[in-house]
Amino acid sequence: MSLLRIQTATPETAAIRLNPADNVAIARVPLSRGQQVRICAEDISVAEPIPVGHKVAIQAIRAGGAVIRYGAFIGKASRDIARGAHVHSHNLAFEGVPVREEMPEHEIAPAVYPRGIPVFLGYSRPDGRAGTRNYIAIAAASNCAAHTVELIAASFASGELPDGIDGVVAFPHGEGCGHSAGPDTRQLHRVIAGVLDHPNVGAGLLVGLGCEVNQVSEYFPDSSLRSGLFTGMTLQSSGGTNATVEAGVREVKRLIESLVASGGAARVPVPASKIVLGLNCGGSDSFSGISANPALGVCSDMLAAIGATSVLAETTEIFGAEHLLLRRARNRAVAEKLLEYVHAYHRYLRQFGGSVDDNPSPGNKQGGLTNIAEKSLGAVAKSGTSPLMAVFDYAERIDTAGFVFMNTPGYDPVSLTGLAAGGVNLIAFTTGRGSAIGFPTVPVFKISTNTATFENMRDNIDLNAGRIMDGETTVEQVGREIFAELLKVASGRRTASEILGHREF
């Protein structure tokens with residue numbers, strides 16, 4: 001069964017050429033041998049069966065010739081490709097992804113934001129941020145306390161919580177005990193501090209064993225976490241697992257009482273400029289760069305225009321398209337910081353003899369994406385067209401309005417964790433093949449690139465951008481719809497991943 005809903009297609013609608021410079025088009029429906037495709041009033045006879053989402057050559061390409069999609073180079077023909085032939089891994093060679101260091105020459109002036117921007121009903125935090133949810137978070141300082149934090153959170157699974165408290169959630173993990181001091185330890189500290197002191201978390205508890213490298217006391221040296229609403233304990237000082245669970249349950253109840261008493265459990269009108277939206281994709285297909293991603297880019301630009309923040313991530317999925325972001329950088333310093341993270345990944349890969357083209361995944365390729373250059377050109381469409389105002393390392397606190405970038409891997413659970421630890425209070429996640437991921441404290445809003453995935457995984461998907469491919473609406477209209485829907489989610493409407501209970505960390 002095709003992942004894209006099979007519809008009757010005319011020669012004009014059977015395939016899509018995205019840019020006048022392209023020498024390939026994308027099959028909107030499965031194409032059969034001898035079928036006619038019309039591109040710019042010129043008929044092309046399909047030479048062989050071509051799966052939906054895959055590329056058809058709209059002109060002959062000689063061996064060694066450039067294959068162009070999105071008006072950009074995505075590789076070279078590894079052999080002669082006939083007009084009407086299927087273009088994919090069997091005849092398209094990956095040529096590597098050279099970094100084109102196109103640095104900005106001038107500083108982009110800060111934006112002037114309009115008055116009368118939309119509002120949502122959220123939770124106002126003392127540090128000026130705003131939550132879209134109100135959780136009590138219980139985090140493990142190390143693997144040694146992971147089971148204990150799960151037991152504490154489980155104690156509240158069946159009990160009723162006061163209005164305005166969305167739940168008690170655990171953050172167990174397998175790190176923090178035997179680390180050596182250095183970048184890994186600092187990164188772990190950023191992640192744990194970030195998921196605790198988060199706008200969607202009203203109060204939190206940090207639990208350690210007591211003798212691990214990642215010490216609980218290091219999180220509370222200068223009251224950087226909100227005073228009175230965040231605290232810590234260890235198993236060794238509390239008397240072991242059972243005693244710590246009992247003490248932890250008492251402490252969480254106290255934190256809830258304090259939060260309610262302080263007014264922190266009531267939603268209030270908050271300007272939409274307080275939205276910090278993480279942009280992510282997973283299970284991408286060839287339509288990601290045509291429907292869902294550019295529509296999300298429209299939403300990203302709308303957020304930037306009102307002083308909110310949108311955060312593109314997944315450094316490994318901008319390879320081959322980084323020049324597009326460099327051109328938009330606020331200044332040279334921002335561009336150089338982005339480029340250094342790209343260079344760092346290349347150095348990392350060389351240690352293991354890896355290639356940037358190890359990504360796309362098998363599912364991406366089945367969906368029509370041949371190599372990382374093609375995938376990246378579609379992935380960066382999520383960022384819209386706004387200037388790149390800042391670049392952040394993994395899990396760093398995001399403190400800049402407008403469009404920004406975070407250095408994360410392309411692996412979805414790890415990327416979402418970095419975004420969340422950086423302070424995003426919403427995540428928009430585009431998918432072509434389908435995804436079921438969520439996060440414990442941040443709503444993950446799923447957008448499908450095609451109608452068949454939306455219908456096939458209806459319980460997991462919130463919005464169908466495949467209507468663009470079906471000819472029912474436009475990229476601009478879906479982008480505005482995403483913006484409106486995210487305001488509703490920010491005000492408390494649950495996403496599909498929340499309803500299903502997905503809490504990947």
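Reply: Strand β10 (residues 119-124) pairs with β16 in the antiparallel sense, over 4 bridges. Strands here are DSSP runs of E with at least two residues, helices are runs of H or I with at least four, and both are numbered from the N terminus. Two strands pair if DSSP finds at least two bridges between them. This is a predicted model, in which local features need pLDDT of at least 70 and side-chain atom pairs count only at pLDDT 80 or more, while totals for chains, interfaces and linings use all residues. Residues are numbered from 1 along each chain as its sequence is written, and side-chain values use heavy atoms, without hydrogens or water.

Back to β10. The bridge partner of Leu121 is Pro269 in β16. The sheet is open, with 3 strands in the order β11-β10-β16 and antiparallel pairing. β11 (130-131) and β16 (268-271) stand at its edges; each has a single partner strand, so one side of each is left without a neighbour in the sheet.

Another open sheet has 4 strands, in the order β1-β2-β5-β8, and its pairing is also antiparallel. Its edge strands are β1 (15-16) and β8 (86-87), each with a single partner strand, so one side of each is left without a neighbour in the sheet. Strand β2 (residues 24-27) and strand β5 (residues 55-57) are joined by 3 bridges and run antiparallel. Within that pairing, Ile26 has Lys55 of β5 as its bridge partner.

β20 pairs in the parallel sense. Strand β18 (residues 309-312) is joined to β20 by 4 bridges, and the two run parallel. Leu312 has Phe405 of β20 as its bridge partner. Strand β19 (residues 388-392) also pairs with β20 in the parallel sense, again over 4 bridges. There, Ala390 has Val404 of β20 as its bridge partner. All 5 of the 5 residues of β20 (residues 402-406) are buried, so this strand is largely enclosed by the rest of the structure. Buried means under 20% relative accessible area, exposed means over 50%, and partly exposed lies in between (1.4 Å probe, protein chains only).

Now the helices. Helix α9 (residues 372-379) is mostly covered, with 8 of its 8 residues buried. Helix α4 (residues 241-261) holds Glu251. Glu251 is buried, at a relative accessible area of 18%. Leaving aside neighbours within four places in sequence, Glu251 is in contact with Leu205, Thr231 and Met233. Contact means heavy atoms within 4.5 Å.

On a 1 Å grid over the protein atoms alone, a cavity is a set of points where a 1.4 Å probe fits but cannot get out; a pocket is an open set with protein on both sides within 12 Å along at least five of seven lines; lining residues have an atom within 4 Å of a point. Volume is the space filled by probe spheres set on the points, with points joined across faces, edges and corners.

The search of the whole structure finds 1 cavity of 30 Å³ or more. The largest cavity has a volume of about 60 Å³. Helix α9 gives the largest share of its lining, 4 residues. Glu374, Lys375, Gly378 and Ala379 are among the lining residues, as are Tyr70, Cys281, Asp285 and Leu369. By class, this lining has 4 nonpolar, 5 polar and 3 charged residues. Ala, Val, Leu, Ile, Met, Phe, Trp, Tyr, Cys and Pro count as nonpolar, Asp, Glu, Lys and Arg as charged, and the others, Gly among them, as polar.

The largest pocket has a volume of about 830 Å³. It is lined by 26 residues, and Asp184, Gln187, Val191, Tyr394 and Val414 are the closest to its centre. Helices α2 (183-196), α7 (332-351) and α10 (412-422) each give two or more residues to this lining. The largest share, 8 residues, comes from α2. The lining splits into 14 nonpolar, 7 polar and 5 charged residues.

The second largest pocket holds about 370 Å³ of space. Of its 23 lining residues, Thr316, Glu317, Asn359, Gly410 and Tyr411 lie nearest its centre. Here α7 gives the largest share of the lining, 3 residues. The classes are 9 nonpolar, 9 polar and 5 charged.
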